[in-house]
Amino acid sequence: MKLRIFVEPQQGASYDTLLAVARVAEAEGFDAFFRSDHYLTMGGDGLPGPTDAWVTLAGLARDTTGIRLGTLVTSATFRLPGPLAIAVAQVDAMSGGRVELGLGAGWYDDEHRAYGIPFPETAERFERLEEQLAVVTGLWATPVGQRFGFDGRHYHLADSPALPKPAQDPHPPVIVGGGGKRRTPALAARFADEFNTPFMLPAEAKAQFAVVDRACEDAGRDPATLRRSSALVVCCGADDAEVARRAAAI
């Protein structure tokens, strides 16, 4: 089992704060540093304001040396799939092959209104997520010298050189997660290297993993080839008073 740090900087964190946490995580032997991809606080003033996930990871790619870096999860509503594939491949190269891409449909409508980002209905968001997963992985998988095309309902790519390529072979790990019983497990079975359960009790996570097992079997994939992970809230402190203070702030 690997332990990773996951932070939510939309609640209020500068790049310097994120870098300090990432460097401590690296020094203490944690496997990876992940961050959320949000542009609006979910309580409090959020000062000093949001930081962009992939701009942050690009900085951390150069300011850290060994820890893995990723998103949990990038919102498909924020970026077009072609430029996203380019950005992630570039950050992967900048880090020496330490990047992981978590990709989800997006859900927080308030942040979309706050920053003028279109927010389609749920069905369309999942359609777009499916196409984004196909485009990003398809671009990365296209051999150098060949071309990639995609003609979907929402995205159309023609005669793409599918460059640059990520540092990792065949590509950075792709993470899909959630509590859905049909669409999300099916997408994970088709496209993901890892499935993540978000903030579930152990029994709930176990049940969701069983759903993902069946989705893999339905897709003709060995469930053992899909790595499993769980995002959990951890509250710790030097003494009971510090734990209580931090717990009250969560």
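This is a predicted model: local features need pLDDT of at least 70, side-chain atom pairs count only at pLDDT 80 or more; totals for chains, interfaces and linings use all residues.
**Stop 1: the largest pocket**

Select Ile5, Phe6, Val7, Leu232 and Val234. Of the 40 residues that line the largest pocket, these lie nearest its centre. The pocket has a volume of about 1,700 Å³.

Now colour the elements around it. Strand 1, helix 1 (15-27), strand 9 (194-198), strand 10 and helix 8 each give at least two residues to the lining. Which element supplies the largest share of the lining? Strand 10 does, with five residues.

**Stop 2: Val233**

Step to Val233, in the loop between strand 10 and helix 8. Is Val233 buried or exposed? Val233 is exposed, at 57% relative accessible area.

**Stop 3: helix 8**

Select residues 240-249, which make up helix 8. None of these ten residues is buried, so the helix lies largely in the open.

Look at the N-terminal end. Asp239 caps helix 8 there. A side-chain oxygen of Asp239 lies 3.2 Å from the backbone nitrogen of Ala241.

Next, show the side chains of Glu242 and Arg245. They form a salt bridge, with the closest N and O atoms 3.7 Å apart. Both residues belong to helix 8, three residues apart, or about one turn of the helix. An α-helix has 3.6 residues a turn, so residues three or four places apart point the same way. Arg245 is exposed, with a relative accessible area of 55%.

**Stop 4**

The whole structure holds 16 salt bridges. Pick the one between Arg227 and Glu100, where the closest N and O atoms are 3.9 Å apart. Arg227 is in strand 10 (residues 227-231) and Glu100 in strand 5 (residues 99-104). The pair links distant parts of the chain, 127 residues apart.

How exposed is each end? Arg227 is partly exposed, at 40% relative accessibility. Glu100 is buried, at 1% relative accessibility, because buried means under 20%.

**Stop 5: helix 5 and a loop**

Move to Glu127 and Arg153. Their salt bridge brings the closest N and O atoms to 3.1 Å. Glu127 lies in helix 5 (residues 122-141). Arg153 lies in the loop between strand 6 (148-151) and strand 7 (156-160). The pair therefore ties together parts that are 26 residues apart in sequence.

Glu127 is partly exposed, with a relative accessible area of 28%. Arg153 is exposed, with a relative accessible area of 65%.

**Stop 6: a nonpolar patch**

Keep the surface on and select Met1, Leu3 and Phe30. These residues make a nonpolar surface patch of about 390 Å². Where does Leu3 sit? Leu3 is in the segment before strand 1 (4-7). Leu3 is exposed, with a relative accessible area of 51%; the cut-off for exposed is over 50%.

Terms used
Residues are numbered from 1 along each chain as its sequence is written. Side-chain values use heavy atoms; hydrogens and water are left out. Buried means under 20% relative accessible area, exposed over 50%, partly exposed in between (1.4 Å probe, protein chains only). Helices (H or I, at least four residues) and strands (E, at least two) are DSSP runs, numbered from the N terminus. A polar contact is a pair of N or O atoms within 3.5 Å; within protein, one must be able to donate a hydrogen and the other to accept it, and residues adjacent in sequence count only if both atoms are side-chain atoms. A salt bridge is a side-chain nitrogen of Lys or Arg within 4 Å of a carboxyl oxygen of Asp or Glu. Patches are made of residues with over 30% relative accessible area and no salt bridge: like charges are joined within 9 Å, nonpolar side chains (Val, Leu, Ile, Met, Phe, Trp, Tyr) within 5 Å. Accessible areas come from the Shrake-Rupley method with a 1.4 Å probe; for residues, only the protein chains shown count as cover. On a 1 Å grid over the protein atoms alone, a cavity is a set of points where a 1.4 Å probe fits but cannot get out, and a pocket is an open set with protein on both sides within 12 Å along at least five of seven lines; lining residues have an atom within 4 Å of a point. Grid points are joined across faces, edges and corners, and a volume is the space filled by probe spheres set on the points.
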